[in-house]
Amino acid sequence: MKKLGLLITIALVTLAIIYFIKNPDVFEDIWLWIIGLIGVVKELTSKLLNIGKERVNGKKSVSNKPLDYKVIKGIVEDDFQGLTITLLRYSDDKETTVGLLYLNGQYYCYTLEDTFRSKKIANQTRIPAGTYQVAFRRLETNLTKKYRDRFPDWFDYHLEVQNVPQFTGIYIHNGGTHKDTSGCILVSDSLSVSSKSTYLSNSRETFKRLYLYLKSNIEQGIQVRLVIKDENWFAHLTA
């Protein structure tokens, strides 16, 4: 029976390896599920510890800060009636910041920005976390003309993250590495991270898709806002 069980285990592992080799994109979803699972485990552990304290002390423990299930979802929920883009930064290697982008609570793509710096260095510093309006910057700058030449069929003006303290001309656009950002937010469906480099690939297609979607909303008069949370957003999930 032990040999039979071992053979079944080996067969299942082999099938799983073959499946993941043929479907590498599945890994992108799996690790997001792992993050969610970690949050659930952390919450359950906290509750069990509180139950233990209650039994030891003979009274119910009181949390200083009630659990906010709206925050647990990682998505801002309030009375805002427009379109909310949420950027969850989860890693900063002192050169590049990577994150996850959500549209009204649904995962959309990866992001890449400059690193955090306590003292701003022009074109090498990401913008502060916060909530900002996103709208078209209707100016025909040299960069605007460059993008129109690059994307003649659909690009009009840059999507600007507006009213960022100490920053101007912060756009959402395509790109590969932190050298392409200058404080802006790059988007892509594909992210590669290694000890030598972090970069996005196939960014143009993701940017086109996102640009046209946001353009459609803005032209209908729908307000668009960007909510950015720094790397410690996960630590606040059960705080």
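The predictor's confidence in each residue is expressed as pLDDT, on a scale from 0 to 100. The structure is a predicted model, in which local features require pLDDT of at least 70 and side-chain atom pairs count only at pLDDT 80 or more, while totals for chains, interfaces and linings use all residues. Residues are numbered from 1 along each chain as its sequence is written, and side-chain values use heavy atoms, with hydrogens and water left out.

The mean pLDDT of the protein is 81, and 70% of the residues reach 70 or more. Over residues 58-75, pLDDT stays under 50. This segment has 24 contacts (heavy atoms within 4.5 Å) beyond four places in sequence. Where pLDDT is low, the predicted coordinates should not be read in detail.

The protein contains five helices and ten strands, taken as DSSP runs (helices H or I, at least four residues; strands E, at least two) and numbered from the N terminus. Of its 239 residues, 34% count as buried; buried means under 20% relative accessible area, exposed over 50%, and partly exposed in between (1.4 Å probe, protein chains only). The accessible surface comes to about 15,100 Å², and 56% of that surface belongs to carbon and sulfur atoms. Areas were computed by the Shrake-Rupley method with a 1.4 Å probe, and for residues only the protein chains shown count as cover. Among contacts with a separation of 6 or more, 58% are between residues 24 or more positions apart.

Nine salt bridges were counted, each defined as a side-chain nitrogen of Lys or Arg within 4 Å of a carboxyl oxygen of Asp or Glu. One of them joins E113 to R89, with the closest N and O atoms 2.7 Å apart. This pair links distant parts of the chain, E113 being in strand 3 (residues 106-114) and R89 in strand 1 (residues 83-92), 24 residues apart. Both E113 and R89 are buried. A further salt bridge is formed by the side chains of R126 and D230 (3.3 Å, N to O). R126 is buried, at 5% relative accessible area, whereas D230 is partly exposed, at 23%. A network of salt bridges links R89, D92, E113, R126, D230 and E231.

The side chains of R209 and D189 also meet in a salt bridge (2.9 Å, N to O). R209 is in helix 5 (residues 203-219) and D189 in the loop between strand 7 and strand 8 (190-193), 20 residues apart. Both count as partly exposed, R209 at 37% relative accessibility and D189 at 29%.

The loop between strand 6 (172-173) and strand 7 (185-188) holds H178. H178 is buried, with 19% relative accessible area, and touches E95, T96, L112, E113 and D114, not counting residues up to four places away in sequence. S182 lies in the loop between strand 6 and strand 7 and is partly exposed at 37%. S182 and E113 are 69 residues apart in sequence and 8.2 Å apart in space, C-alpha to C-alpha.

In strand 10 (residues 224-229), R225 counts as buried at 11% relative accessibility. By contrast, L12, found in helix 1 (residues 2-22), counts as exposed at 53%.
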